[in-house]
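Visitor: I would like to learn how to read the features of a protein model, one at a time. Could you take me through this one slowly?

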Amino acid sequence: MSMAGNLRKVTGLDRVGGLRKVARLAQRRARVDLSHPARSPLGSAVVNCVMYQDGVRVPGGHDLVEAVERVRKKDDGFVWLGLHEPTDQEFAGIAELFDLHPLAVEDAVEAHQRPKLERYGETLFAVFKTVCYVEHTELTATSEVVNTGEIMLFVGPAFVITVRHGRHGSLGPLREELEATPQQLAKGPAAVLHAIADHVVDDYLSVTDAVQEDIDQVETDVFAASGARVDAGRIYQLKRELLELKRAVMPLSRPVQELATRPIRVIDQEIQAYFRDVSDHLLRVSEQIAAFDELLNSILQAHLAQVSVAQNEDMRKITAWASLIAVPTMVCGVYGMNFEFMPELHWRFGYPLIMAVIAVGCVTVYRGFKRNGWL
């Protein structure tokens, strides 16, 4: 029986529909690399299951249980099992086979966990938040900028189990890179853990660089001549998306620091040196996010100040024009009173004189406001 066929029994897929479809796809695994999500069996949580010895992928089909027993007894190689959004039923057999802690299994199935690192006996359970930048032609108040997912890892002396949640974060290309460097893969499951951590943090760097371009564009628009007309919702949306990125990055600092410094049985000291490099990259991302948050706060305050200044300018202009209108209103209001004896009321040149007085008064007031910058 092939390893993929044995997985159907372990995960309980014999009790669900679509068994024959999964079996047919599993038999063609030698010709199809299931590490890519687009090629994974429909209806199955199992993306890939491979055994490695001395850093080299063991070709051909193998019984999963026998492969696990083999690497445990001989202390030679390990098994890498990849899953995508498994159900409780699919994960129950795997948890029993690898003796996984129920609390870690519950977290891996339910997802929506904070980045963390936990130890259960000889097994490490790590949670990483994956992020990707959502391309958009123009940033609006409703644009999605950052999309997140999760990768959970169970790392033991002879196995690695990766559980992925979300539509992105495929580990297929990463698996191919590792297989191209068998000397690194020969260091065991800890090498896979480091590669995934490094891959996730590198994605953080790429996303922060892309977010910086959006921030630069918003900053340019705010400080342009028409900056007061910029939609403040764009700035708030960037802050919300930056908060999503912050939730993925900030809690990961402590787990990576533990992997880099604290003695852990399944992590070789040589691998810990690589985790220190990951920790440095993660620190750089954290500093960038903190700087972005401060910059967005400054941009928002500057925008609100511009809006306030623009409103004051509008009120000054309105006040100035109202003052201009008050001059003829006052004169006409006086001569509109119903009195019989008023100066120049029956004089032939009374009307032109009053019009001239109104015009001179308006011009005088206009020039005064213009000189003071109100108009």
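This is a predicted model: local features need pLDDT of at least 70, side-chain atom pairs count only at pLDDT 80 or more; totals for chains, interfaces and linings use all residues.

Visitor: What is a salt bridge, and how many does the structure hold?

Guide: A salt bridge is counted when a side-chain nitrogen of Lys or Arg lies within 4 Å of a carboxyl oxygen of Asp or Glu. The structure holds eleven of them. In one, the side chains of Glu270 and Lys187 meet, at 3.1 Å from N to O. Glu270 belongs to helix H11 (residues 269-335), and Lys187 to the loop between helix H7 (182-185) and H8, so this pair ties together parts that are 83 residues apart in sequence. Helices (H or I, at least four residues) and strands (E, at least two) are DSSP runs, numbered from the N terminus.

Visitor: Which residue forms a salt bridge with Asp293?

Guide: The partner of Asp293 is Lys239, and their closest N and O atoms are 3.0 Å apart. Asp293 lies in helix H11 and Lys239 in helix H9 (residues 232-249), so the pair ties together parts that are 54 residues apart in sequence. Asp293 has 23% relative accessibility, so this residue counts as partly exposed. Leu238, also found in helix H9, is 55 residues from Asp293 in sequence, with 9.4 Å between their C-alpha atoms. Leu238 is buried, because its relative accessible area is 2%.

Visitor: Where do Arg254 and Glu258 lie, and how many residues apart are they?

Guide: Both lie in helix H10 (residues 253-261), four residues apart, which is about one turn of the helix. Arg254 forms a salt bridge with Glu258, the closest N and O atoms being 3.6 Å apart. Arg254 is exposed, with a relative accessible area of 64%, whereas Glu258 is buried, with a relative accessible area of 16%. Salt bridges can also share partners, and in this way Asp107, Lys116 and Glu118 are joined into one network.

Visitor: How should I read a pocket, and which residues are closest to the centre of the largest one?

Guide: The search uses a 1 Å grid over the protein atoms alone, and a pocket is an open set of points where a 1.4 Å probe fits, with protein on both sides within 12 Å along at least five of seven lines; lining residues have an atom within 4 Å of a point. The volume is the space filled by probe spheres set on the points, which are joined across faces, edges and corners. About 350 Å³ of space lies in the largest pocket. Of its 19 lining residues, the closest to the centre are Asp75, Pro157, Lys187, Gly188 and Pro189.

Visitor: Which residues form a nonpolar patch on the surface?

Guide: A patch is made of residues with over 30% relative accessible area and no salt bridge, where like charges are joined within 9 Å and nonpolar side chains (Val, Leu, Ile, Met, Phe, Trp, Tyr) within 5 Å. Here Trp347, Phe349, Leu353 and Val357 form a nonpolar patch, with about 390 Å² of accessible area together. Such areas come from the Shrake-Rupley method with a 1.4 Å probe, and for residues only the protein chains shown count as cover. Val357 lies in helix H12 (residues 350-371), and with 45% relative accessibility Val357 counts as partly exposed.

Visitor: What is the phi of Asp99, and what is that of Ala111?

Guide: Asp99 has a positive phi of about 55° although it is not a glycine, and this residue sits in the loop between helix H4 (88-98) and helix H5 (102-110). Ala111, not a glycine either, has a positive phi of about 65°, and is found in the loop between H5 and strand E4 (116-120). Asp99 is exposed, with a relative accessible area of 66%, whereas Ala111, at 8% relative accessibility, counts as buried.

Terms used: Residues are numbered from 1 along each chain as its sequence is written. Side-chain values use heavy atoms; hydrogens and water are left out. Buried means under 20% relative accessible area, exposed over 50%, partly exposed in between (1.4 Å probe, protein chains only).
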